[in-house]
Structures are given as structure tokens and as C-alpha cells.
Amino acid sequence: MDIGILILQLMGTVSFAVSGAMTAMRKGMDVLGVAVLGLTTAVGGGILRDLLLGRTPPAIFSDPLTAALAVATSVVVFIPAVRRLLLRTPRVYEVTMRLTDSVGLGLFTVIGAQTACAALGHANWFTIAFFGTVTGVGGGVLRDVLAGDTPYIFRKHIYALASLAGALTWVVVHRFWNDAMAMLIGGSLIVVIRLLAAHFRWSLPKANAEEFE
């Protein structure tokens with residue numbers, strides 16, 4: 001694996017592990033639950049991507065570094081002093097969750113697009129964007145399901161749409177430039193969209209439960 005991709009993957013792993021661990025702590029889980037949810041969030045999207053690409057076993061099982069980093073990050077987040085800092089103030093929890101989840105989404109989306117392109121060669125734009133989006137949102141969906149929540153991508157603050165926009169941007173930039181610029185621009189766009197959506201409370205139209213009463 002290219003050293004640049006590895007660094008981005010480790011950064012995304014830490015970001016998603018933090019968001020998974022924080023979700024677990026909000027639910028009152030013990031340290032095992034925190035570690036499992038942090039690990040699932042960090043590696044879930046990559047596993048789904050690899051399975052869909054027919055890569056078995058998924059890459060995570062042949063390289064334990066990512067899994068070990070995700071578990072270690074989750075345990076650090078669970079340390080009492082860190083836990084109190086993150087959970088005592090709702091604003092700190094919200095901002096930390098938003099930042100880590102956005103960075104993880106951006107990094108894993110472009111890594112997923114890059115991985116799919118390398119594995120499939122000259123695949124069409126839809127296929128690359130699909131795998132990028134699955135890699136980006138997959139871990140978060142599994143996290144929310146295990147935590148007993150409606151997946152975040154279905155309820156608020158443009159999430160999957162941001163991932164898709166970043167993946168499509170990767171496809172376009174990669175066609176005319178290079179891998180590094182495609183990842184930088186695509187990943188940055190996702191983070192910006194996510195933060196703007198959270199700040200301005202952008203959401204897609206949704207059904208009102210009262211309409212069915």
C-alpha cells in the first residue's frame with residue numbers, strides 16, 4: 001500500500017473509532033462495547049467494500065494494524081479523564097462527534113474510490129462513486145444499528161449525499177489530474193459539506209410522523 005494512502009487510512013481509522021466509541025459511551029456501554037463499536041465504525045465500510053469487490057477475506061484480516069489502532073483509540077477515549085472531558089458538556093460532545101465523523105467520512109470515501117479504481121481498472125464513474133460512498137458510510141451505518149439508533153444517513157445533516165458528492169468529485173478530478181489531488185479535493189469537499197450542513201442545519205426533505213396519525 002502507498003505510504004500516503006496508509007497515512008490517510010490511519011487518520012480515518014482514528015476519526016471513525018472516536019465517533020464509534022463516543023456513541024457507545026453515550027449509550028452507557030462498558031469498555032468492551034466501546035471497543036467493539038469503535039472498531040466496527042472504523043473498519044465496517046472497508047469490509048463491506050471488499051466483500052462487494054469479491055476480495056475475501058477483506059484486507060483488514062491480513063493487516064491487523066488498522067484494527068489494533070481502532071481498538072487502542074477506543075480504549076483511550078474510554079479513559080475516565082478523557083471520557084469526562086467528552087461527555088460532561090453536550091457542546092464538546094457534539095463538536096467532537098461532528099468533526100471526527102466528518103473527517104472519517106471524507107477520508108474513507110476517497111480511499112474507497114481509490115481502492116475500487118485500483119481493483120477494477122477502468123470502471124465507469126457510477127461504480128467508483130458507489131464503492132467510495134459505501135466505504136464512507138458503511139461503518140457509520142453499522143455503528144448506529146449496533147447502538148440501536150436509526151442510521152445517521154437517513155435522518156439528519158446531509159451525510160450520504162456529502163459522501164456521494166465527494167466520490168463523484170474524486171472521479172472527475174482523477175480523470176484530469178492525479179490520485180493525490182483527487183483525494184485532497186474530494187475528501188475536503190465532503191468535510192466542508194458536512195460541517196456546513198450541521199452549522200446551517202441542512203437536511204433532505206423527510207416525512208412527518210404526524211401525517212400518518
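Q: What makes R91 exposed or buried?
A: The label follows from relative accessible area, where buried means under 20%, exposed over 50% and partly exposed in between (1.4 Å probe, protein chains only). R91 has a relative accessible area of 52%, and is therefore exposed. This is a predicted model, in which local features need pLDDT of at least 70 and side-chain atom pairs count only at pLDDT 80 or more, while totals for chains, interfaces and linings use all residues. Residues are numbered from 1 along each chain as its sequence is written, and side-chain values use heavy atoms, with hydrogens and water left out.

Q: Why is the contact between R91 and E94 called a salt bridge?
A: The term requires a side-chain nitrogen of Lys or Arg within 4 Å of a carboxyl oxygen of Asp or Glu. For R91 and E94 the N to O value is 3.9 Å, so the pair falls within the 4 Å limit. The two residues lie three apart in helix α5 (residues 90-120), which means that about one helical turn separates them; helices here are DSSP runs (H or I, at least four residues), numbered from the N terminus. E94, at 34% relative accessibility, counts as partly exposed.

Q: What makes D50 and R49 buried or exposed?
A: D50 stands at 1% relative accessibility and is therefore buried, and R49, with a relative accessible area of 8%, is buried as well. Their side chains meet in a salt bridge of 3.1 Å, N to O.

Q: What makes a set of residues a nonpolar core, and which residues have the most contacts inside the largest one?
A: Such a core is a set of buried Ala, Val, Leu, Ile, Met, Phe, Trp, Tyr and Cys residues joined through side-chain atoms within 4.5 Å. The largest has 15 residues, with F16, A42, L105 and Y159 making the most contacts inside it. At least two of its residues come from each of α1, α2 (31-53), α5 and α8 (179-200).
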